[in-house]
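Dear colleague,

I am passing a structure on to you, and I would be grateful if you could look through it before reading my notes. What I found follows below it.

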Amino acid sequence: MTERHFASLPALYRGEEADEALRAPGFSAVFVRGEGKVGAPLMLIGEQPGNQEDLSGRPFVGPAGRLLDQCLAGIGVDRATTFVTNAVKRFKFTLRGKRRLHQTPNAGDIARYRWWLKEEVRLVHPTVVVALGRTALRALDGASLKSDRGTLLSWEGRTLLPTIHPSYLLRLRDQRDDEEARFREDLRTAARAAG
Ligand code: URA
């Protein structure tokens, strides 16, 4: 994909869905668009669509999405007022029998979508971008989740807040309540900064 600017989000999505160069082996053909309001002050970026997102064509509708919605609602933020998207737009998986098992995107996968994600951010024009987990953070070129988590950073003229991915919480056996409370605090920090 050449580095050009699109006039609107629908134009960006139309262009990219047609661009087969973005479809690498091991990925679903389904392109999952971001969802929410253009101009939303708060933008949340995840890793990649999962199985349920791939089947429905919508971001964050599976277990991690439901948890994200609950955490947002818990701090008084309606997801409909935000913009939710992913660093990588297609589900990467391997087949085990009939099951499609999630594969973490590698550096090349992230790089393939990086310009595109930045263009999406430019068009949504949020005040604050929340990177949900390492893949999103790598896609936005930077920061360390370990040292910068929950911190408001300056990133390309906007504010960036790195935090964990909600699927991390779903995998926890111990200290889930503490970790979830911390995640909510991170989201609250971002929402306050977004105004
Ligand atoms: N995990 C993500 O990172 N994104 C989704 O859309 C769903 C699960």
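Which residues does the UniProt annotation "domain: Uracil-DNA glycosylase-like" cover? According to that record, which is an unreviewed entry, the annotation covers residues 33-188. Please keep in mind throughout that this is a predicted model. Within the annotated span, 42% is helix and 21% is strand, and the C-alpha atoms at the ends of residues 33-188 lie 25 Å apart.

As for the chain as a whole, its secondary structure comes to eight helices and eight strands, and the C-alpha trace spans about 45 × 40 × 30 Å along its principal axes. A compact globule of 195 residues would have a radius of gyration near 16 Å, and because the chain has 16 Å, the two agree. Of the 195 residues, 36% count as buried.

Strands E2 and E3 run parallel and are joined by four bridges, and Gly46 stands opposite Asn86 in E3.

Turning to the interior, in soluble globular proteins nonpolar side chains tend to be buried together. The largest nonpolar core here has 37 residues, and those with the most contacts inside it are Leu42, Met43, Ile45, Val130 and Ala131. Among the elements that give two or more residues to this core are the strands E2 (42-46), E3 (83-86), E6 (128-132) and E8 (158-163), together with the helices H3 (63-74), H4 (107-124), H5 (134-139) and H8 (176-194). The largest share, seven residues, comes from H4.

Which residues is Val130 in contact with, leaving aside its neighbours within four places in sequence? They are Leu42, Leu44, Ile45, Leu161, Thr163 and Ala190.

With best wishes

Conventions
Residues are numbered from 1 along each chain as its sequence is written. This is a predicted model: local features need pLDDT of at least 70, side-chain atom pairs count only at pLDDT 80 or more; totals for chains, interfaces and linings use all residues. UniProt positions are given in the numbering used here, feature names are shortened, and annotations may be inferred rather than shown by experiment. The radius of gyration is taken over C-alpha atoms; the globule rule is 2.2 Å times the number of residues to the power 0.38. A residue is buried if 20 or more other C-beta atoms lie within 10 Å of its own, exposed if 12 or fewer, and partly exposed in between; C-beta atoms are placed from the backbone. A nonpolar core is a set of buried Ala, Val, Leu, Ile, Met, Phe, Trp, Tyr and Cys residues joined through C-beta atoms within 7 Å. Two residues are in contact if their C-beta atoms, placed from the backbone, lie within 7 Å. Two strands pair if DSSP finds at least two bridges between them.
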